[in-house]
Amino acid sequence: MQRVRRLIPMVALLTVLAAPKALAQSGGMPAPDFSEPCPALYPGDDAEKARIARWMARGAADRGLPHELPVMAGLTESGLQNLGGRSFAGYFGMSRSLNAGDYRGFPRNPDLQMRWFTDTAMLVRQRRVAEGRADPADDPAAYGSWIADVERPARQYRTRYQTHLEEAHDMIAGKCAAPDSADTTAPRLVIRIAKTQQPLTTGGITLDARCPDHDCLVGVTVQIGDTVRRVSAREPAPRGYTTFTAAVPRAARRDLRAGRTVRAHVTAIAADNAANTTARGRLVTLRG
């Protein structure tokens, strides 16, 4: 019995020494691969900034976003450091009020910080293209204003993000794969719009729209001559049609009050979260 008792500490010691190997063989948490130039796993708060930048670049590319986007934001908001301030925290200066729901625990979890940034950047892009504006992913000169719409700083600080484009590009150094563009299927869009309308009576030009697949934002543009009016994009109701109303420009209202007929090109645009779009439009006759 005494011999058995002496063996127990030795068995326990051997079990502890063998644990790392057992974990590796049984699918425990993988160790970072330091040979990977563009890491999928967060490399740690103490990693060199270029490596953190490439981790961000890969996370952005996996969501179909430009490599530089989160790096430019991180350089501006934190100097690429996982900060722990009272009101704002993390790489992107996220408000502590975001420490709830899907992003609960973000101050200690950089993966959640990246999730918030990419989620919001995708929504901003989707809203822009649904409103008939240029896709910011197509123009590096637009990255800064795109980030500003994500971070929402005071107006005087909106231009500072763009100043880090070249630095972000150099840190990534072409070591990451291109953004994922596998989703190229445009959303379905169905509209109903009257060919003749009286916007002075109804309060504007109206159309009804729906996305049968329920995966889109819809915006509306109205062009009369050289003037364009945009209706803020929003998600249609889950069932049935949603009515969108566009204001008529002042000059056109004067013409309508004078009894003149006005022609308007009215277009509804549906955009999914990969910024694929479908447009449906009609030439509408406006009467007073």
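Helices and strands here are DSSP runs, numbered from the N terminus. That naming places Ala173 in the loop between helix H6 (165-172) and strand E4 (190-192). We will come back to this residue after a look at the whole.

The model is a predicted one. The mean pLDDT of the protein chain is 89. Of its residues, 88% reach 70 or more. Residues 1-29 fall below 50 in pLDDT. Beyond near neighbours in sequence, that stretch has one contact in the model.

The protein chain holds 288 residues, and 40% of them are buried. Its secondary structure comes to eight helices and 11 strands. Take the contacts between residues at least 6 apart in sequence: 57% of these join residues at least 24 apart.

Start with a sheet. Three strands form an open sheet in the order E1-E2-E3, and their pairing is antiparallel. Strand E1 (83-84) and E3 stand at the edges. Each has a single partner strand, so one side of each is left without a neighbour in the sheet. Two bridges join E1 to E2. Gly84 has Ala89 in E2 as its bridge partner.

The largest pocket holds about 320 Å³ of space. Its lining counts 19 residues. Nearest the centre lie Phe88, Gly93, Met94, Ser95 and Glu151. Which elements supply at least two residues each to this lining? They are strand E2 (88-90), strand E3 (94-95), helix H4 (110-130) and helix H5 (143-151). By type, the lining has 10 nonpolar, four polar and five charged residues.

Now return to Ala173. This residue has a positive phi of about 55°, although it is not a glycine. Most residues other than glycine have a negative phi. Is Ala173 buried, exposed or partly exposed? Its relative accessibility is 45%, so Ala173 counts as partly exposed.

The loop that holds Ala173 runs to strand E4. Val190 is found in that strand. With a relative accessible area of 28%, Val190 is partly exposed. Val190 and Arg210 are 20 residues apart along the chain, yet their C-alpha atoms are separated by 5.5 Å. Leaving aside residues up to four places away in sequence, Val190 touches Asp208, Ala209, Arg210, Pro212 and Tyr241.

Arg210 belongs to strand E6 (residues 205-210), which pairs with E9 in the antiparallel sense over five bridges. One of these links is given by Ile205, whose bridge partner in E9 is Ala246. How do the side chains run along strand E9 (residues 242-246)? They alternate. Thr242, Phe244 and Ala246 point to one face and are buried.

E10 has a partner in strand E7 (residues 217-224): the two run antiparallel and are joined by seven bridges. Gly219 stands opposite Ile269 in E10. E10 also pairs with strand E11 (residues 277-286), again in the antiparallel sense, over 10 bridges. Here Val266 has Arg282 in E11 as its bridge partner.

E10 and E11 form a hairpin, with five residues between them. Ala275 lies in the loop between these two strands. Its phi is positive, about 70°, although Ala275 is not a glycine. Is Ala275 buried or exposed? Its relative accessibility is 13%, so Ala275 counts as buried. The cut-off for buried is under 20% relative accessible area. Ala173, at 45%, counts as partly exposed.

One more pocket remains. About 270 Å³ of space lies in the second largest pocket. It is lined by 17 residues. Gly64, Asp180, Ser181, Asp183 and Ala274 lie nearest its centre. The lining of this pocket divides into six nonpolar, five polar and six charged residues.

Key
Residues numbered from 1 in each chain as written. Predicted model: local features only at pLDDT ≥ 70, side-chain atom pairs only at ≥ 80, totals over all residues. Heavy atoms only, no water. 1 Å grid on protein atoms, 1.4 Å probe; cavity = no way out; pocket = protein on both sides within 12 Å on 5 of 7 lines; lining within 4 Å. Points joined across faces, edges and corners; volume = space filled by probe spheres on them. Helix = DSSP H or I, 4+ residues; strand = E, 2+ residues; numbered from the N terminus. Nonpolar A, V, L, I, M, F, W, Y, C, P; charged D, E, K, R; others polar. pLDDT = per-residue confidence, 0-100. Contact = heavy atoms within 4.5 Å. Pairing = 2+ DSSP bridges. Buried < 20%, exposed > 50% of the residue type's maximum accessible area, 1.4 Å probe, protein only.
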